[in-house]
Amino acid sequence: MDPDVDLHVPAQRAELRRHPAPVLLAIAAGGACGALARYGVAQAWPHGPGGFPWSTFVINVSGCLLIGVLMVIVTEVAPERRLLRPFAGVGLLGGYTTFSTYAVDFHRTAAAGAPWTALAYLAATVAGALLGVWAGSALAHTVVRRLR
């Protein structure tokens, strides 16, 4: 049962009648593509145990930038595309970004005797991710306004 659905509201009850298979398939397909892209970047750009984890940093910041762009597209350009957000947001970008690897990279970098590098990575990733979402959203808003 979806905790966000109030069964006393008819419009929200109707939400439960839709079969979730298309949404789940969209998420799975997007997730597979996103995870493969993340794996490819990580393999192409490895880092040593005490070095700055640039590949994970770039993956997370670029993924957050794309999430900012996507949210503008989903809300302002193509709100009728029911599977766009599950495929591209939850699946593709959810599979691409990797904040669990961020935590592991932080721990490994600190454990390898590079605590200042680990702390710089910790702070830079959070700042870069927030800045990425903001920049992606601002850029997409600007492009949408100019095209209209």
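## The UniProt positions

Thr97 sits in the loop between H4 and helix H5 (99-111). The model described here is predicted. In UniProt, an unreviewed entry places the feature "binding site" at Gly94 and Thr97. Gly94 belongs to helix H4 (residues 84-96).

Are these residues buried or exposed? Thr97 has a relative accessibility of 12% and therefore counts as buried, because buried means under 20%. Gly94 has a relative accessible area of 41%, so Gly94 is partly exposed.

## Surroundings of Thr97

The side chain of Thr97 reaches back to the backbone oxygen of Leu93, at 2.8 Å. Apart from residues up to four places away in sequence, Thr97 touches Arg38, Ile59, Asn60, Gly63 and Cys64.

## Aromatic pairs

There are six aromatic pairs in the structure. One of them joins Phe52 and Tyr121: the ring centres are 5.4 Å apart and the planes meet at 85°, so this pair is edge-to-face, since planes over 60 degrees apart count as such. Phe52 is buried, with a relative accessible area of 18%. Tyr121 is also buried, and its value is 0%.

Trp54 and Phe57 make another edge-to-face pair, because their ring centres are 5.7 Å apart and their planes stand at 90°. Both residues lie in helix H3, three residues apart, which is about one turn of the helix. Trp54 counts as partly exposed at 41% relative accessibility, whereas Phe57 is buried with a relative accessible area of 16%.

Which residues form the aromatic cluster? Phe52, Trp54, Phe57, Phe99, Tyr102 and Tyr121 form one cluster. Both pairs described above have their members in this cluster.

## Ser55 in helix H3

Ser55 is found in helix H3, the helix that also holds Trp54 and Phe57. Ser55 counts as buried, at 4% relative accessibility.

What does the side chain of Ser55 reach? It reaches the backbone oxygen of Trp45, at 3.3 Å. Trp45 is also among the residues in contact with Ser55 when neighbours within four places in sequence are left aside.

Methods
Residues numbered from 1 in each chain as written. Predicted model: local features only at pLDDT ≥ 70, side-chain atom pairs only at ≥ 80, totals over all residues. Heavy atoms only, no water. Phe/Tyr/Trp six-rings, centres within 6.5 Å; stacked < 30°, edge-to-face > 60°. Buried < 20%, exposed > 50% of the residue type's maximum accessible area, 1.4 Å probe, protein only. Helix = DSSP H or I, 4+ residues; strand = E, 2+ residues; numbered from the N terminus. Polar contact = N/O pair within 3.5 Å; in protein donor to acceptor, adjacent residues only side chain to side chain. Contact = heavy atoms within 4.5 Å. UniProt positions renumbered as here; feature names shortened; annotations may be inferred.
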